[in-house]
Amino acid sequence: MRPAICLLFALTTSTSFAAELVKACDVGAPLAIVRDSKIADTYIYYLQQGGKRRPVFGDPDQSRGSDVVAQCVGKNIRALVASGEFTANALQGFVITSPRGSSTPERLDFAEKNRPQWLYLSKHEIIAVVPTMGYGETSARYVAYHHAVGLSKADRADAIDQLPSTGGFEVINLKAQNRQLNAGK
């Protein structure tokens with residue numbers, strides 16, 4: 001009987017440490033970023049949708065990060081934007097939306113020396129624009145990451161000197177949104 005009590009205690013203590021919610025966002029479907037497994041100032045980050053939880057970058061080792069910023073933005077199209085210091089020699093992140101009529105969420109990944117400052121959202125495309133500040137692999141002022149809805153294999157990054165046209169897009173200044181979030185704390 002005593003081994004059964006020890007096993008029961010071990011199971012309850014191992015499951016009592018639930019993942020910590022970082023950000024919840026309804027992008028057309030409820031989605032959340034949670035974290036657990038703290039080591040020093042890092043955690044393993046997960047996307048949680050319904051009862052399913054998966055590492056944000058495919059496996060737990062690639063999803064261990066620090067200094068993660070997550071935002072829920074957009075009025076007509078909602079998006080979850082997250083970036084932080086993961087395993088690359090850059091800030092890595094992603095944008096997830098779930099446009100009306102789409103059966104699966106749309107995801108755009110990026111990796112740069114800076115976080116994206118502008119997010120362009122439309123029914124057909126997601127664009128994350130990162131200022132280069134003179135660092136990186138290009139002398140252009142910005143790098144624009146593009147995702148065409150429904151065509152994940154066609155994602156691309158372009159070095160540009162002017163911001164993309166705003167026509168047909170809801171444009172979100174992520175830096176201003178982040179300042180508003182921090183001011184409310």
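**Reading strand pairing and a sheet**

User: Which residue stands opposite V73 in β6?

Analyst: A79 of β6 stands opposite V73. The model is predicted, with pLDDT of at least 70 needed for local features and 80 or more for side-chain atom pairs, while totals for chains, interfaces and linings use all residues. Residues are numbered from 1 along each chain as its sequence is written, and side-chain values use heavy atoms, leaving out hydrogens and water.

User: How do I read strand pairing?

Analyst: Strands of a sheet pair through backbone hydrogen bonds, either parallel or antiparallel. Strands are DSSP runs of E, at least two residues, numbered from the N terminus; two of them pair if DSSP finds at least two bridges between them. Here six bridges join β5 to β6 (residues 79-85) in the antiparallel sense. These two strands form a hairpin with five residues between them, and G74 in the turn has a positive phi of about 100 degrees. β5 also runs antiparallel to β3 (residues 42-49), joined by two bridges; Y43 has G65 of β5 as its bridge partner.

User: Is β5 (residues 64-73) mostly covered or mostly open?

Analyst: Mostly covered: eight of its 10 residues are buried, meaning under 20% relative accessible area (1.4 Å probe, protein chains only).

User: What is the strand order in the open sheet of five strands?

Analyst: The order is β12-β11-β10-β9-β13, with antiparallel pairing. β12 (151-160) and β13 (170-173) are at the edges with a single partner strand each, so one side of each has no neighbour in the sheet.

Terms used:
Helices (H or I, at least four residues) and strands (E, at least two) are DSSP runs, numbered from the N terminus. Buried means under 20% relative accessible area, exposed over 50%, partly exposed in between (1.4 Å probe, protein chains only).
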